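Here is a short briefing on one protein model. Keep the sequence and the structure open while you read.

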Amino acid sequence: MRVTVSRKAHFNAAHRLYRKDWSFEKNDEIFGKCNNPNYHGHNYELIASVTGDIDQETGFVIDVKILKDIIKVEVEDAFDHKNLNLDVAEFKDLNPTAENIVVIIYNKIKAKLKPNLDLEVTLYETPRNFVSYSGK
């Protein structure tokens, strides 16, 4: 029996969408207000969903406390109240779009899970704009 266990979390972060190799005008054309040189912020919401077989001994797919602790260390502590462009090494040379952020978060969490567990991460940049990634 494969079951999915999900955990919600949130973090607040600032970022700027731009490419260093483009002119300000081209960045402004492509990224609009998100190209603000002074950055802008979001209250990100995150859902991490882990799918696997129910362990017959414990009854868990994953202990939710373990998932909570992974998210706290790998996401909340790493991204909360940070400027993603300036403070987070993964975005030194990677544009911190919602798409890139969700892939980075997925990779950080997946590395801490047992290999037999599947993961999907959904990241809400706003209540109406969100992205999902499951490693495919």
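## Briefing

His-81 sits in the loop between α2 and β3. Helices (H or I, at least four residues) and strands (E, at least two) are DSSP runs, numbered from the N terminus. This is a predicted model: local features need pLDDT of at least 70, side-chain atom pairs count only at pLDDT 80 or more, and totals for chains, interfaces and linings use all residues. Residues are numbered from 1 along each chain as its sequence is written, and side-chain values use heavy atoms, with hydrogens and water left out.

**Overall make-up**

- The protein has four helices and five strands.
- From the N terminus on, the order of elements is β-α-β-α-β-α-α-β-β.
- The C-alpha trace spans about 60 × 25 × 25 Å along its principal axes.
- Of the 136 residues, 37% are buried. Buried means under 20% relative accessible area, exposed over 50%, and partly exposed in between (1.4 Å probe, protein chains only).
- Take the contacts between residues at least 6 apart in sequence: 66% of them join residues at least 24 apart. Contact means heavy atoms within 4.5 Å.

**The sheet**

- Five strands form an open sheet in the order β3-β1-β2-β4-β5, with mixed pairing. β3 (82–83) and β5 (130–133) stand at the edges with a single partner strand each, so one side of each has no neighbour in the sheet.
- Two strands count as paired if DSSP finds at least two bridges between them.
- Strands of a sheet pair through backbone hydrogen bonds, either parallel or antiparallel.
- β1 (residues 2–15) and β2 (residues 40–53) run antiparallel and are joined by 14 bridges. Within this pair, Val-5 has Val-50 in β2 as its bridge partner.
- β2 also pairs with β4 (residues 118–124), in the antiparallel sense, over seven bridges. Here Glu-45 has Tyr-124 in β4 as its bridge partner.
- β4 and β5 run antiparallel, joined by four bridges. Val-121 stands opposite Tyr-133 in β5, and Thr-122 stands opposite Ser-132 in β5.
- A hairpin of five residues joins β4 to β5.

**Helices on the sheet**

- Helix α2 (residues 64–79) lies across β1, β2 and β3 and runs at about 20° to β1.
- Helix α4 (residues 98–110) also packs on the sheet, where it touches β1, β2, β4 and β5. Its direction makes about 145° with that of β4.
- For these angles, axes are lines fitted to C-alpha atoms, for helices over the stretch in contact, and angles run from 0 to 180 degrees between N-to-C directions.

**Phe-31 and Asn-95**

- Phe-31 belongs to helix α1 (residues 24–31). Its relative accessible area is 17%, so Phe-31 is buried.
- Beyond its neighbours within four places in sequence, Phe-31 contacts Leu-17, Tyr-18, Arg-19, Trp-22 and Asn-95.
- Asn-95 lies in the loop between α3 (84–87) and α4. Its relative accessibility is 14%, so Asn-95 counts as buried.
- Leaving out neighbours within four places in sequence, Asn-95 contacts Arg-16, Leu-17, Tyr-18, Phe-31 and Asn-100.

**Positive phi**

- Most residues other than glycine have a negative phi.
- Tyr-39 has a positive phi, near 75°. This residue is in the loop between α1 and β2, and Tyr-39 counts as partly exposed at 22% relative accessibility.
- His-81 also has a positive phi, near 55°. At 62% relative accessibility, His-81 counts as exposed.

**Pockets**

- A pocket, on a 1 Å grid over the protein atoms alone, is an open set of points where a 1.4 Å probe fits, with protein on both sides within 12 Å along at least five of seven lines; lining residues have an atom within 4 Å of a point.
- The largest pocket has a volume of about 280 Å³. Its lining has 14 residues, and Val-61, Ile-62, Asp-63, Lys-114 and Leu-117 lie nearest its centre.
- The second largest pocket holds about 180 Å³. Its lining includes Tyr-18, Arg-19 and Asn-95.
- A volume is the space filled by probe spheres set on the points, which are joined across faces, edges and corners.
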